[in-house]
Amino acid sequence: MEQGGEAGTGGGLGNLRALLAILQWWGFNVTVIIINKWIFQKLDFKFPLTVSCVHFICSSIGAYIAIHVLKAKPLIQVEPEDRWRRIFPMSFVFCINIVLGNVSLRYIPVSFMQTIKSFTPATTVILQWLVWSKHFEWRIWASLVPIVGGILLTSITELSFNMFGFCAAMVGCLATSTKTILAESLLHGYKFDSINTVYYMAPFATMILALPAVLLEGGGVVTWFYTHDSIASALVIIIGSGVLAFCLNFSIFYVIHSTTAVTFNVAGNLKVAVAVLVSWLIFRNPISPMNAIGCAITLVGCTFYGYVRHLISQQQAVAPGTGSPTTSQTNSPRSRMEMLPLVGDKQEKV
């Protein structure tokens, strides 16, 4: 497991770099979430497929500029056959994941949506257990208890509960988990970073989503265009959300290579708390005390899950008394017991 290089050993400069990386990641992430909610709620642009399509188009253009113009990352060459056999299925799941996230944001508060997304570690473990017949240590299952309990408490006590938005968010968790798991097999042999991932997947996602967006939302978008006041500023906000969505992918690349796995896990869960707080300050959606407690339990559970997973991976990597892995250890049943990929953008830490 990559330990973040300079961030782990570079002293004060490395710590400062890690802090700046985390802050800009938080900034882009929270801003994208808030702007998307603002588009749906304040601009009355209630078309999540179209918003997702704008994001994919901006991400396609941004990734091209980052790789070919700015030379921020070298292009990872992919065989044409693999683009359809490997990248396209991943892009399909990637598209569903993004669309469902925006659909849920259209119907439920940011605080509730972000809490449900924290359920992704549990869906990843359960999917691998049920579908791929993988088995995990009892510590992994135990660490999921507070996540599941927190989600249940939050859902029961949510004052702005909407079943459609809730189901979209839950299926989105399954899509995220499926994408993470499929990446192990479909992208085997390719070491994608977040920029190259967007470079290859965003154009496919645009192609997949464009026709459904036109058929299902085209008429509504045209009507909105002719009836909405201040159309120019509204379009700037909508297109700006797409640009920021790409910048978020770029910021993920930066933070992954500036922090350790443990720091990344903790920062990711604190990011959810920041998003919940900021969204409440802006939209003032009602949050009951029990709902806030449920959200807190979920985030603590996610942090505990990441810590447990880190401990197990460290124990598997280093043989007691030798400081290095041994053949017998890496081939042992326990070594094969817990091979869970980190969720979502944490994949690059594996």
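## About the model

The model is predicted, so to speak of local features takes a pLDDT of at least 70 and side-chain atom pairs count only at pLDDT 80 or more, while totals for chains, interfaces and linings use all residues. Residues are numbered from 1 along each chain as its sequence is written, and side-chain values use heavy atoms, with hydrogens and water left out.

## Overall make-up

The protein has 14 helices and 0 strands; here helices (H or I, at least four residues) and strands (E, at least two) are DSSP runs, numbered from the N terminus. Of its 350 residues, 51% are buried, meaning under 20% relative accessible area with a 1.4 Å probe and protein chains only (exposed is over 50%, partly exposed in between). Among contacts with a separation of 6 or more, 86% join residues 24 or more positions apart, a contact being heavy atoms within 4.5 Å.

## Annotated segments

An unreviewed UniProt entry lists several stretches as "transmembrane region", including residues 138-157 and 199-225. UniProt positions are given in the numbering used here, feature names are shortened, and annotations may be inferred rather than shown by experiment.

In the model, residues 138-157 are 100% helix, with end C-alpha atoms 29 Å apart. Residues 199-225 are also 100% helix, and there the end C-alpha atoms lie 30 Å apart.

Helix α5 (residues 110-117) is largely enclosed by the rest of the structure, because 7 of its 8 residues are buried. Those buried residues are Val 110, Ser 111, Phe 112, Met 113, Gln 114, Thr 115 and Ile 116.

α5 packs against helix α8 (residues 163-186) at about 30°, with axes 9 Å apart. That angle makes the two helices roughly parallel (under 35 degrees; over 145 is roughly antiparallel, 65 to 115 roughly perpendicular, and the rest oblique). Axes are lines fitted to C-alpha atoms, for helices over the stretch in contact, and angles run from 0 to 180 degrees between N-to-C directions. Phe 112, Ile 116 and Lys 117 of α5 meet Phe 166, Ala 169, Met 170 and Cys 173 of α8.

## Helix α6 and its contact with α8

Helix α6 (residues 120-130) meets α8 at about 55°, with axes 8 Å apart. This makes α6 oblique to α8. On the α6 side the contact is made by Thr 120, Thr 123, Thr 124, Leu 127 and Gln 128. The α8 side includes Cys 173, Leu 174, Ile 181 and Glu 184.
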